[in-house]
Amino acid sequence: MTATAATPLDVAPPGGDRHRTLWHDAARRFLRNRLAVFGLTIVLIFLFLAVFADLVAPYPYDRVYFDRVLRFPLDLPGHPLGTDEVGRDYLSRLIYGARTSMTVGIAVQIVAFSIGVPLGSLAGYVGGRTDFVISRFIDIMTAFPGLMFSILIISVWGGGLTKVIFALSITSWIGIARLTRGQILSLREKEYVEAARCTGVSRNRIILRHLLPNALTPILVAISFGIPAAIFGEAGLSFLGIGINDPIPSWGKMVGVSNAYVRVYWHLALFPTIAVALAMLGFSFVGDGMRDALDPKMIE
Amino acid sequence: MSASRPRVTYSGNSMARYIFGRILSLILVLFIVSVVTFFLMHQVPGGPFDETKAPLPPAAKENILRKYGLDKPIHIQYLNYMKNAVLHFDFGIPFQQPTTTVTALIAKSWKVTAQVGLMTVTLAFGLGITLGIYAAYHQNSWVDNITTFVAMLGITVPSFVVAMWLILFFAVRLKWLPMGGWNASETCLIGSAYICTDWILPVVAYALGPLAIIARYTRSSVVDVMRQDFTRTAQAKGLGEQAIMFRHILRNALIPMVTALGVIIPNLLTGSIFIEAVFRINGLGKFFVTSIFNRDYPMIMALFLLIAFLWSLTYLFTDIVYTWIDPRVRLGAEGGV
């Protein structure tokens, strides 16, 4: 499969032996895993739709046809998936919905990574009082009801893409921070770190060049599971009617709005359901595949 | 959220200190939650007494604001609120139903949410663990395949979407079950209020997600233990299948389930919001949503504090149970990831 040759896993570490690196092995194992490749294909398709929605979608997402309201799939030649309750092409809205979901999923994980990894590394490497403060902060945030808090924040500051991303990001970094801390803690006593310290390598350089690259694999796996979780969160908020604002399409909102019409117009609920399920499935398979591929226990 | 919390090791005396420390941090959490929520609530543009329809005379508005203590500076409002909440269990008067108190409203509706939650947990864990064990013992049988399929469905489809489809098929098309409600007397079988047909759809929709996770977790956990040396030893010395299963395999395989419990139960607390919204169940979750749409500060505040309290309590509880049932954690082996 040529489309999947350039996976994110293929980023070889600089200067490394191209053949027996961890990443190369992992990529090989990943590509041999049929479910993982299937998941990756779905994810790539959704990413493609998200990026090129303007080119792929037959209509703009907010184009309203007052004479074509609530049409079934294949009812009209121009609307293969029918139209919604105000006469917008459903296929186009689904495609733009991929953009919303992917943006939220990836943005939330970028925030999670850029808060969680530095905090976790700092706590794990510096230790002492710094670790105590950061760890207590992590403990407190763990006991924070994340989704409820997101709902609260959105109800105060209003919905919209950036606010949804912000609201979901507030608790998204906790798992990453804890994971990074644990990883760094177990790695920092290794001989090669001690050797680096002996030769006078600075703290930041030890963290960045010696510890993080070795701690990265479980973090990447956690991130790949975090993306569908964020997509889930966005769908939930939008379903309640407090997430993404009209006219921007969101799969969760499409399901929520269709609730009123679904007894007759089943297609309004069916297609976004399939889209959410496929996206979740894709990311879960990729996550599972990455975990198996990167798990050192699997290396023969 | 994340299942992999690092486990610290304790023994004897340090266990008490650990629990004490955790309770202290629980109080700290609740304090922070209360401060953040309180100030967030008061940052909301628009109050409950803004004149949208008929403008109030300024004197009347002043009176109302004074009655609810909204004319004082915000930190005084906070201190007053917390004093009443902690000392008198008085969380104020809900703006949406000014004739009762927040405490009374919560007291009225928590039972419904607790019922939904309890039935869901029972179904999810009962069926999830059974399916997981069966699937582990009969790998690649049709039950295993169906379990995998249902697990995939439960993990990939949000509960509210499952709920909608269940309503569509079983209530709208087949007309077998009611579309919503909870304990509505006309839907209860055998003239008894304890077996109601309107329980089925919400609980099934709600339980599917956790059930999926539990079934998958149990299956892999049981398969892991089945490959352990002590299982082989038990088989070698001629123990019966039943004895091996209950005494050796399940005992060890179910320990990680406590961690799963600690992650699933808090999430169930918030998941109730969606289920109650879809099935129009008058529980805490639905109150939370209506309160948010009505900007009912006292109600939101109280509900959020309650959830935060239960949430951190479950975390504390599962951590304690975990150290109690798994001697390896106490003896100093590094658990978790």
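Student: Where is A:Pro247 placed in chain A?

Tutor: A:Pro247 lies in the loop between α10 and α11 (251–258) of chain A. Helices here are DSSP runs of H or I with at least four residues, strands are runs of E with at least two, and both are numbered from the N terminus. The model is predicted: local features need pLDDT of at least 70, side-chain atom pairs count only at pLDDT 80 or more, and totals for chains, interfaces and linings use all residues. Residues are numbered from 1 along each chain as its sequence is written, while chains are lettered from A and ligands numbered from 1 in the order in which they are written.

Student: What makes the bond between A:Asp246 and A:Pro247 a cis peptide bond?

Tutor: Its omega, which is about 5°. Most peptide bonds are trans.

Student: Where does α10(A) bend?

Tutor: At A:Leu212, by about 55°. That is the angle between axes fitted to the seven residues ending there and the seven starting there. A proline, A:Pro213, follows within four residues. Just after α10(A), A:Gly241 takes a positive phi of about 90°.

Student: What does the rest of chain A contain?

Tutor: Chain A has twelve helices and zero strands. Its C-alpha atoms fill a box of roughly 75 × 45 × 25 Å along the principal axes.

Student: Why is B:Asn140 called exposed?

Tutor: Count C-beta atoms, placed from the backbone, within 10 Å of the residue's own: 20 or more others is buried, 12 or fewer is exposed, and in between is partly exposed. B:Asn140 has 9 such neighbours, so it counts as exposed. B:Asn140 sits in the loop between α4 (102–137) and α5 (142–156) of chain B.

Student: Why does B:Arg280 count as exposed?

Tutor: B:Arg280 has 12 C-beta neighbours inside 10 Å, so it is exposed. Its place is the loop between α10 (255–279) and α11 (284–293) of chain B.

Student: What is the phi of B:Asn140, and what is that of B:Arg280?

Tutor: Phi is near 70° for B:Asn140, a positive value in a residue other than glycine. For B:Arg280 phi is near 50°, again positive in a non-glycine residue. Most residues other than glycine have a negative phi.

Student: Why is B:Lys72 called partly exposed?

Tutor: B:Lys72 has 13 other C-beta atoms within 10 Å, so it is partly exposed. B:Lys72 is in the loop between α2 (58–67) and α3 (74–88) of chain B.

Student: How many residues of chain A are in contact with chain B?

Tutor: 36 residues of chain A are in contact with 38 residues of chain B. Contact means C-beta atoms, placed from the backbone, within 7 Å. The touching side of chain A divides into 22 nonpolar, ten polar and four charged residues. Nonpolar covers Ala, Val, Leu, Ile, Met, Phe, Trp, Tyr, Cys and Pro; charged covers Asp, Glu, Lys and Arg; the others, Gly among them, are polar.

Student: Where in chain B does pLDDT stay under 50?

Tutor: Over residues 1–6 and over residues 331–337. pLDDT is the predictor's confidence in each residue, from 0 to 100. Where pLDDT is low, the predicted coordinates should not be read in detail. The mean pLDDT of chain B is 77, and 85% of its residues reach 70 or more.

Definitions and conventions: Two residues are in contact if their C-beta atoms, placed from the backbone, lie within 7 Å.
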